[in-house]
Amino acid sequence: MPCQFDQLSDLLAHGYDTVIDVRSPAEFAEDHIPGAINLPALSNAERAKVGTIYKQVSPFDARKIGAALVAKNVAEHLQTRLADKTGRWRPLVYCWRGGQRSGSFAAILQQIGWRAETIKGGYQSYRRLVFQMMYETPWNHRIILLDGNTGTAKTAILKHLEDRGVQTLDLEGLAQHRGSLLGRRAAGQPQQKAFESALAQAVSALDPSRITVVEAESSKIGRINLPKQLWAKMIAAPRVVITAPVAARATYLTDTYADIIAHPAEVRDRLNVLRQLRGHDIVDHWIALLERADHLGLATALMKDHYDPAYARSRRIDTREILGEVHAETLDTAGQQLTADQIEAILDDIDCR
């Protein structure tokens, strides 16, 4: 009997030794249950082949050929990645709909003697639970935004708060993007569904009775859209604001974006995108600074000409409560820690109210 999970928290706390996703590598790459390993019952090419036979020849022929391929692939997995599993191993297996691929895979494991089970509804049932959390069920978490202009080290300070035991949610970390024009990371961003899976796992681990500090973001981080229920909480949440001198912010940005600065041609391409918004003269000035390797000057100009005006416009219509403002004279490690100490004190005061 397949295992049925009615709550995402129950599925994430499944209790099995290993969760096995037997879908194709392409399906797995788009999204999967957190912690699952991919042991494909069919490769990408094999899945496409069987699907074509199903549509163009007959379902019977497709199932016959598919069964042979699944048996071959499971045999390979048994001889390699499953070779060290003892008789007490308990795997939980799933495919797209909880049908033939996972059923065939689990049946072979059961015949060996392992207590293998499948997930009723497969990945689709898991995805429904994630969707419900992200887009349908109102969140009851107490969110406070960590706000401040570009370059005020919000992400780094968020990590210092986490180290102090403050409950945090790192959206930029989950989205694998620094949330700005030059915020791309070398590894690239996850797919939207994979981001939502990681976010759902992180949110499930939060204590709703405690304050959760989240960095202020727009509704998109790179190409990732923030889900409806989270965004609804964020646009209504009160804020703690960090301020810092422009020089300190420029130094911090230059250090933090060193990996991007190392590729000036890519930086130039991204700056050129802003010509229509900021004008040719301003963008030409930025590119001249880039070509002279005046990175501090470029960071300063970007804040003055682009980031700070954008923040100023958005704040003119922002009516959210400001719980406190913390000024960081420097944004080196010592400055970040001092700022985190002051923010923690504000949060402690709020908790005591």
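At 57% relative accessibility, Ala 29 counts as exposed (exposed is over 50% relative accessible area, buried under 20% and partly exposed in between, with a 1.4 Å probe and protein chains only). This is a predicted model: local features need pLDDT of at least 70, side-chain atom pairs count only at pLDDT 80 or more, and totals for chains, interfaces and linings use all residues. Residues are numbered from 1 along each chain as its sequence is written, and side-chain values use heavy atoms, leaving out hydrogens and water.

**Ala 29**
- Ala 29 sits in helix α2 (residues 25–30). Helices (H or I, at least four residues) and strands (E, at least two) are DSSP runs, numbered from the N terminus.
- Ala 29 and Thr 251 are 222 residues apart in sequence and 37 Å apart in space, C-alpha to C-alpha.

**Four-stranded sheet**
- The order in this open sheet is β2-β1-β3-β4, with parallel pairing. Two strands pair if DSSP finds at least two bridges between them.
- β2 (37–38) and β4 (117–118) are the edges; each has a single partner strand, so one side of each lacks a neighbour in the sheet.
- Four bridges join strand β1 (residues 18–21) to β3 in the parallel sense. Ile 20 has Val 93 in β3 as its bridge partner.
- Helix α5 (residues 100–112) lies across β1, β3 and β4, at about 155 degrees to β3. Axes are lines fitted to C-alpha atoms, for helices over the stretch in contact, and angles run from 0 to 180 degrees between N-to-C directions.

**Five-stranded sheet**
- This open sheet runs β6-β7-β5-β10-β11, again with parallel pairing.
- β6 (168–169) and β11 (322–327) are at the edges with a single partner strand each, so one side of each has no neighbour in the sheet.
- β6 pairs with strand β7 (residues 211–215) over two bridges. Thr 168 has Val 213 in β7 as its bridge partner.
- Helix α7 (residues 154–163) lies across β5 (142–148), β6, β7 and β10 (239–243), at about 140 degrees to β5.

**Helix α6**
- Helix α6 (residues 122–136) has 15 residues and reaches 21 Å from first C-alpha to last, close to the 21 Å expected. The expected span is 1.5 Å times one less than the number of residues.
- Its buried residues include Tyr 123, Arg 127 and Met 133.
- Cover for the buried residues of α6 includes α1 (8–12), β3 (91–94), α9 (192–204) and α10 (228–236). Contact means heavy atoms within 4.5 Å.
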